[in-house]
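Please consult the sequence and the structure shown below while reading.

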Amino acid sequence: MKQYRTREGDITALDTKTQLTTVGSDTAPGPLMVPKGMKFITNVIVSAIQNMAAATSSTTFIRVEGPGMLAGPQTLAAHAGGNAVATGGNFGQQAMVIPVNFEVVEGQEIQVFGEMAGTDIGATGVVVTLVFSDTATSGSKPNKTITVEGDIATVDARTALTTQGSVTSPSMVVPSGMTVIDKIVCATASEGLADGKQAFFIRLGGNAVQGGEQVIAVGTSGRIAPQAGSDSAPQVVRPFILEDVQIAVNAGDTISIWAEGAGEDTGTGRAVVTCIFA
């Protein structure tokens with residue numbers, strides 16, 4: 001059996017933990033409690049989009065917290081966006097399903113937060129559905145997460161991702177009991193302030209990663225100047241989800257995460273990356 005609970009809201013300030021507390025016309029739905037008989041969150045459905053009010057770029061991630069989360073707070077990448085201009089733009093965004101296995105405590109509250117990082121892009125709208133289940137997904141182990149984000153200021157330069165919005169120094173230690181990176185969730189975009197194209201990839205390394213540094217393609221970006229009187233379309237990127245990653249890691253050791261753009265500089269890039277451990 002499954003149960004679905006949703007919260008949404010607007011993020012209007014950079015690097016600010018913003019609780020999602022409404023459900024459209026239901027302006028006061030009350031606390032989000034773990035439903036009776038539910039033991040796991042098996043999917044997180046998320047969609048986010050910027051309002052295109054500033055010529056810059058940003059990333060978005062969510063936090064799932066509260067006494068209902070048995071293993072403590074977890075974070076997930078949700079969106080990346082970039083605007084070449086602040087005078088036009090129109091875009092729709094499909095929700096993405098992120099498969100997880102978060103253990104929960106029946107009858108306890110869960111709080112959902114959204115956060116915008118990078119540069120203030122105006123505002124970002126976020127909607128999140130937690131999918132509760134009485135059983136874990138077959139063959140899955142409990143998950144824990146590390147999420148980091150950062151700016152990619154130039155191409156062909158390894159950029160360490162070391163921040164998490166309002167948390168300037170998040171732990172990069174692989175959580176206790178975790179033996180593999182099970183999934184990767186990532187979103188990348190650029191401002192599109194310069195003509196060209198670039199490819200984005202991430203590097204996973206450090207003492208925690210067995211077998212040496214791993215390099216994974218995650219996206220691309222391109223831009224050409226529009227004709228006079230026209231505006232460049234925005235970049236609105238939903239998360240790329242790589243499942244069955246199976247990179248062996250050492251619990252208690254430090255993982256390092258880098259992002260890089262190659263090709264031609266199209267303006268400052270942004271990246272947000274979640275490693276889901278099992």
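Two strands are said to pair if DSSP finds at least two bridges between them. The model discussed here is predicted.

**Strand β9**

Strand β9 comprises residues 124-133. This strand is mostly covered, with eight of its ten residues buried, where buried means under 20% relative accessible area. Strand β1, formed by residues 2-11, pairs with β9 in the antiparallel sense. Within β9, L130 is the residue that stands opposite R5. Strand β4, formed by residues 40-50, also pairs with β9 in the antiparallel sense.

**Strand β19**

Strand β19 runs over residues 269-277, and nine of its nine residues are buried. Both of its faces are covered. On one side lie G269, A271, V273, C275 and F277, and on the other lie R270, V272, T274 and I276; all of these residues are buried. Strand β10, residues 144-152, is an antiparallel partner of β19, and T147 stands opposite T274 in β19. Strand β12, residues 180-190, likewise pairs with β19 in the antiparallel sense, and S190 stands opposite G269 in β19.

**Pairings in brief**

The table lists the bridges for each pairing.

| Strand pair | Sense | Bridges |
|---|---|---|
| β1 and β9 | antiparallel | ten bridges |
| β4 and β9 | antiparallel | ten bridges |
| β10 and β19 | antiparallel | nine bridges |
| β12 and β19 | antiparallel | nine bridges |

Notes:
Residues numbered from 1 in each chain as written. Predicted model: local features only at pLDDT ≥ 70, side-chain atom pairs only at ≥ 80, totals over all residues. Heavy atoms only, no water. Buried < 20%, exposed > 50% of the residue type's maximum accessible area, 1.4 Å probe, protein only. Helix = DSSP H or I, 4+ residues; strand = E, 2+ residues; numbered from the N terminus.
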